[in-house]
Amino acid sequence: MRVVDAFRENLGGEPAGVWHAPGRVNLIGEHTDYNDGFVLPFAVPWGVTAAVRPREDDTIRLVSLQAPGRQQVIEEIDRAEGWARYPAGVFWAMRGDGLPVRGADIVIDGDVPQGAGLSSSAALEVAVAIALNDLYGLGLGGLELAKISQRAENDFVGMPCGIMDQAASALGREGHALFLDCRSLGSRAVPFDPSAYGMRLLIINTGVHHELADGQYARRRQDCENAAKRLGVAALRDVTDLAAALQQLTGDERKRTQHVVTENHRVEALIGLLRAGAVQEIGALLIASHLSLRDQFEVSCPELDIAVEAAVKGGARGARMTGGGFGGSAIALVAEDKADKVQEQVRLAYRERGWADPTFFTATPAAGARRLA
Ligand code: GLA
């Protein structure tokens, strides 16, 4: 294994083990996680592999094959920089919980497509979390590892994300999407195998990441919290009478509420269709989700809108942006025999606008975090 060779070369000796944690794509339930709502992501076949050996001191030595020549030696966690803040944050969160976690030598190898918005950061956090869990005998389950990883990102890295990405990475199951109630944190594996219906879920990586993404994410979250407060509910998840709620709100808070409440219903509707074996029919819900994210939640961008529009024009049953927005990827549900046509149509639409070609992947639900060796 490449990561083991790199471990021997860069850090000397043998790792105690090798772990893998995947990235994710979200089928539906966008910007609902931090509103105590519902999400339906699945783990993708790409992720982060980590070769790890525990240490007898508190030092963390980190090497990433994607950042060659820059070994980071972290003696004081607060000093970790750049990408190293994600793994360092996991140590920070575990130690903060009083868990007996000392240092480690770590080599990281990732293959999540760059800039695709498929949660390479969650994969990195969860890979380190599961390795430390095993090496230090912490006995934590997948959900605990997801929570620790989220806390690393919220309170150490400083990105106020919800729990979806880390939960999908930790709890994903091959051939299944993960239905997660982000309030109770109860989850269920929902069979999702479009190939059994002659379909596939195409990922369209726009290759763009608009600068405003992080600041806007925090602002959307704030809009939602303000709206919930004004409505006198703990979270937008609790809005049952949408029409009445909208009458009490104006401007951005009104739009955000409309999205979150309807998106939660779309998650439930989509699961209902999957259970009925009506995979083709979920396309309409994907489109409705996209329009709501574009017009009510306002987190799309021209590259995502055009990808969705062109995919549908090319014959996709449905498509939507996936993840936080402002770039990253869109997903499209396409019949096998239309996949080429859909890709061609999207490529063409991009070329007409002078944009660089997007890249395409087929996403099949993969297993969540696990030990490889
Ligand atoms: C990002 C966050 C998630 C979630 C999505 C939007 O991926 O990390 O927690 O909020 O955006 O659904």
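A: Seven elements each give at least two residues to the lining of the largest pocket: strands E2 (38-54), E5 (104-110) and E10 (327-335), and helices H3 (120-135), H4 (142-157), H5 (164-171) and H6 (213-231). Helices (H or I, at least four residues) and strands (E, at least two) are DSSP runs, numbered from the N terminus. This is a predicted model: local features need pLDDT of at least 70, side-chain atom pairs count only at pLDDT 80 or more, and totals for chains, interfaces and linings use all residues. Residues are numbered from 1 along each chain as its sequence is written, and side-chain values use heavy atoms, without hydrogens or water.

The largest pocket holds about 1300 Å³ of space. Its lining has 48 residues, and Tyr86, Gly117, Ser119, Ser120 and Ser121 are the closest to its centre. A pocket is an open set of points on a 1 Å grid over the protein atoms alone, where a 1.4 Å probe fits, with protein on both sides within 12 Å along at least five of seven lines; lining residues have an atom within 4 Å of a point. A volume is the space filled by probe spheres set on the points, which are joined across faces, edges and corners.

Around the ligand are Arg24, Glu30, His31, Asp33, Tyr34, Cys161, Gly162, Met164, Asp165, Tyr217, Gly323 and Gly324 (a heavy atom within 4 Å). Oxygen atoms of the ligand lie 2.9 Å from a backbone N or O atom of Gly162, 2.7 Å from a polar side-chain atom of Asp165 and 2.6 Å from one of Tyr217.

Note on methods: Polar contact = N/O pair within 3.5 Å; in protein donor to acceptor, adjacent residues only side chain to side chain.
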